[in-house]
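Please look at the sequence and structure shown here.

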Amino acid sequence: MFRRATPRKQQAGFIEMSLSYRPGAPAIVVPAEALPTLQQRSECEECGCRYASRGAAFFCPACSHNSARSMFAGALATVRASMDLAERLPSQMADQDAAADLARLFAEDGMVRLWSSFQRFAEATYAAQPASATAPARRNAFQNLDESDRLWSGAVGKTYADLLSADEHRDLVRLVQQRHVLGHKDGLVDADYVAKSGDHKYRVGQRLVIGPPAVRRLSDLVEPLAADLTALLP
C-alpha cells in the first residue's frame, strides 16, 4: 500500500525529491530445536576447510573456491529436511496459526533457495564445458528455462525437456514460474505467470499458496537433472 501511494518523484522549481520503497525479507523465527536441521555442514574440495552455514554457501570462506557443483547435494538435503521440519511445526508450537504461517514461509524460502542452488550448479557445470569458451552464459542465464535450454543444447545437445518426461517438464516449468513470482512479484500472480506456467488454478491478483509438497516435487526434478548434466561432462 505504501509503494502504491508514494509518488516516485516530486519536483518544485530547482528542488526534486524522490522516494522509493523496497520490502524486506520476512524474519523467520523458529524453535531452537530446529536450528541443527537448517544448518548445512560442508568441506571445501580444494583446501579441506570445514564450515557450516544456513542454506548453501557456494564459496569456501578460507580459499574462495567455488564449490557450487559439490554443494548442490548438500543444499538439496537441507531443503528436504527443512520441509520435514515445516510439517512438524504444528506439533511443536502452541500457536497453530503461527505454525501454519511459519510452515508457509519455510516452503517459500525452500523453493527460492532450491532453484538458486540449482542455478549455481548449472552455472558451474556449464562453465566446465568446452562450449562455454565460445558461448559464455550471461549473468543469471540459468534462472530462465528457455535460455538454459538454448545453452545446454549448444553445449551437450540436450535440453531439460530431453532429460525429463513430458509430465516432469510441465511441473518444472510451473514450479520455476512460481519461484519467479515469489522472488519478483511478492507471490502475487500476474498474467505472465498464468500464460507461461499453464496453471489456471489461480486468477491474476491472487497470491500463490506454496507448501512442502511443491518444494519436494521441485527437489525430485532437479536432482536427476543435476545427475544427467554431470554425466554429460566431457
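The questions below concern a predicted model.

Me: How are H4 and H9 oriented where they pack, roughly parallel or roughly antiparallel?
Reply: Helix H4 (96-127) and helix H9 (residues 212-231) have axes 9 Å apart. The angle at which the two helices pack is about 10°. Angles under 35 degrees count as roughly parallel, so H4 and H9 are roughly parallel.

Me: Which class has 14 residues in the contact of H4 with H9?
Reply: H4 contributes residues including Met111, Leu114, Trp115 and Phe118, while H9 contributes, among them, Val215, Leu218, Val222 and Leu225. The contact has no charged residues and 4 polar ones. The class with 14 residues is nonpolar.

Me: Is Gln129 buried or exposed?
Reply: Gln129 lies in the loop between H4 and helix H5 (145-156). Leaving aside residues up to four places away in sequence, Gln129 touches Trp152, Ala155, Val156, Leu232, Leu233 and Pro234. Its relative accessibility is 5%. Because buried means under 20%, Gln129 counts as buried.

Me: Which helix gives the most residues to the lining of the second largest pocket?
Reply: This pocket holds about 340 Å³ of space. At least two lining residues come from each of H5, helix H7 (166-184) and helix H8 (191-197). With 7 residues, the helix that gives the most is H7.

Me: How many charged residues are in the lining of the second largest pocket?
Reply: The lining has 17 residues, and those nearest the centre of the pocket are Asn144, Gln177, His180, Asp192 and Lys196. By class, 5 of the lining residues are nonpolar and 6 are polar. The number of charged residues is 6.

Me: What is the phi of Asn140?
Reply: Most residues other than glycine have a negative phi. Asn140, found in the loop between H4 and H5, has a positive value although it is a residue other than glycine. Its phi is near 65°.

Definitions and conventions: Residues numbered from 1 in each chain as written. Predicted model: local features only at pLDDT ≥ 70, side-chain atom pairs only at ≥ 80, totals over all residues. Heavy atoms only, no water. Helix = DSSP H or I, 4+ residues; strand = E, 2+ residues; numbered from the N terminus. Buried < 20%, exposed > 50% of the residue type's maximum accessible area, 1.4 Å probe, protein only. Contact = heavy atoms within 4.5 Å. 1 Å grid on protein atoms, 1.4 Å probe; cavity = no way out; pocket = protein on both sides within 12 Å on 5 of 7 lines; lining within 4 Å. Points joined across faces, edges and corners; volume = space filled by probe spheres on them. Nonpolar A, V, L, I, M, F, W, Y, C, P; charged D, E, K, R; others polar. Axes fitted to C-alpha atoms, helices over the stretch in contact; angles between N-to-C directions. Parallel < 35°, antiparallel > 145°, perpendicular 65-115°, else oblique.
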